[in-house]
Amino acid sequence: AYSLLGLGEIDLADGELDEARRKLREAQGIWESIRYRSGLTEVAVSLGRLAFTEGDRAQALREFREARGLSREMAKPGTELVATAYVRLLAPDDDPEAAARLADLDPVSEHHRRTEGWFVLHRATRDPAALDRALACVEQASASLPPAWRAGYRLEVPLHREILRAAGRLE
């Protein structure tokens, strides 16, 4: 199921939305059949991204709320951070207490989740501090690479390009 999730994410990034949906739903079905709630949190985020990409804001909001609730129950701070940021983007007044938890979730979240979560929050609020945090995540990740690889790494990762562009560091 994790392979299907990963392949679905690749299809989503490539704009192959029908194929992404098929793979994500298949992963979801497997995890539902074995009651694997951790996998269900991950696929809910991916299905939320898919719905958001398609412009179905209502479905995206349902998926992100599901992911937020499950990840909170399961103590998956990175997934909760990303799901909460998307909920904030789609429904700014949804849950002020959840939004207030974002800073607490940051230090215990996976790097890629922090990067995405802060950038989504910046998109939701236009808060420059959220963009600064997303940019710091990009810089932190690239700092561990050999200097010759850093520029390519920043430009090859679509999310990193978006962050750099928003920060005025990329044309």
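The legends below describe close-up views of a predicted model.

**View 1. Confidence across the predicted protein.** The mean pLDDT of the protein is 93, and 99% of its residues reach 70 or more. Among the elements, helix H2 (residues 17-33) has the highest mean pLDDT, at 98. The lowest mean, 81, belongs to helix H6 (residues 96-100).

**View 2. The largest nonpolar core.** This core has 29 residues. Those with the most contacts inside it are Phe64, Tyr86, Leu102, Trp118, Leu121 and Ile163. Two or more residues each come from helices H3 (37-54), H4 (57-74), H5 (77-90), H7 (102-105), H8 (111-125), H9 (128-143) and H11 (158-166). Helix H5 gives the most to this core, with eight residues.

**View 3. The surroundings of phenylalanine 64.** Leaving aside residues up to four places away in sequence, phenylalanine 64 touches Val45, Gly48, Arg49, Ala83, Tyr86, Val87 and Leu90. Phe64 and Tyr86 are both listed among the residues with the most contacts inside the largest nonpolar core.

View 4. Aspartate 11 lies in helix H1 (residues 2-13). Aspartate 11 counts as buried because its relative accessible area is 10%, and the cut-off for buried is under 20%. The side chain of aspartate 11 makes a polar contact of 2.7 Å with the side chain of lysine 23. With residues up to four places away in sequence not counted, aspartate 11 touches Glu16, Glu19, Ala20 and Lys23.

Conventions
Residues are numbered from 1 along each chain as its sequence is written. This is a predicted model: local features need pLDDT of at least 70, side-chain atom pairs count only at pLDDT 80 or more; totals for chains, interfaces and linings use all residues. Side-chain values use heavy atoms; hydrogens and water are left out. pLDDT is the predictor's confidence in each residue, from 0 to 100. Helices (H or I, at least four residues) and strands (E, at least two) are DSSP runs, numbered from the N terminus. A nonpolar core is a set of buried Ala, Val, Leu, Ile, Met, Phe, Trp, Tyr and Cys residues joined through side-chain atoms within 4.5 Å. Buried means under 20% relative accessible area, exposed over 50%, partly exposed in between (1.4 Å probe, protein chains only). Contact means heavy atoms within 4.5 Å. A polar contact is a pair of N or O atoms within 3.5 Å; within protein, one must be able to donate a hydrogen and the other to accept it, and residues adjacent in sequence count only if both atoms are side-chain atoms.
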